[in-house]
Amino acid sequence: MSVIYLLLTLSIIVAIVFFIAFIYSVKKGQYDDSYTPSVRMLFDDELIKDNKKIN
């Protein structure tokens with residue numbers, strides 16, 4: 001039974017560490033997408049052409 005408590009405690013600690021790492025990476029801008037907005041207008045024309053073919 002003590003193994004379950006140990007594993008539960010360790011899993012909670014690991015989850016907290018990963019959550020802190022995620023929050024840190026979001027605040028540092030790791031997930032900011034600077035490439036897609038610059039090429040979005042290139043993809044919009046293809047989507048409009050595809051929609052006309054479907055209708």
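## Basis of the model

The structure is a predicted model, in which local features need pLDDT of at least 70, side-chain atom pairs count only at pLDDT 80 or more, and totals for chains, interfaces and linings use all residues. Residues are numbered from 1 along each chain as its sequence is written, and side-chain values use heavy atoms, with hydrogens and water left out.

## Helices

The protein chain holds two helices and zero strands (DSSP runs numbered from the N terminus: helices are H or I with at least four residues, strands E with at least two). Helix 1 covers residues 2-27. Its 26 residues should span 38 Å at 1.5 Å a residue, and this agrees with the 38 Å between its end C-alpha atoms; the expected span is 1.5 Å times one less than the number of residues. After helix 1 comes Gly29, with a positive phi near 85°.

Of the 55 residues, 4% count as buried.

## Ser25

Ser25 lies in helix 1. Ser25 counts as buried because its relative accessibility is 14%, buried meaning under 20% relative accessible area. The side chain of Ser25 reaches the backbone oxygen of Phe22 at 2.8 Å. Beyond neighbours within four places in sequence, Ser25 is in contact with Gln30 and Tyr31 (heavy atoms within 4.5 Å).

Conventions
Buried < 20%, exposed > 50% of the residue type's maximum accessible area, 1.4 Å probe, protein only. Polar contact = N/O pair within 3.5 Å; in protein donor to acceptor, adjacent residues only side chain to side chain.
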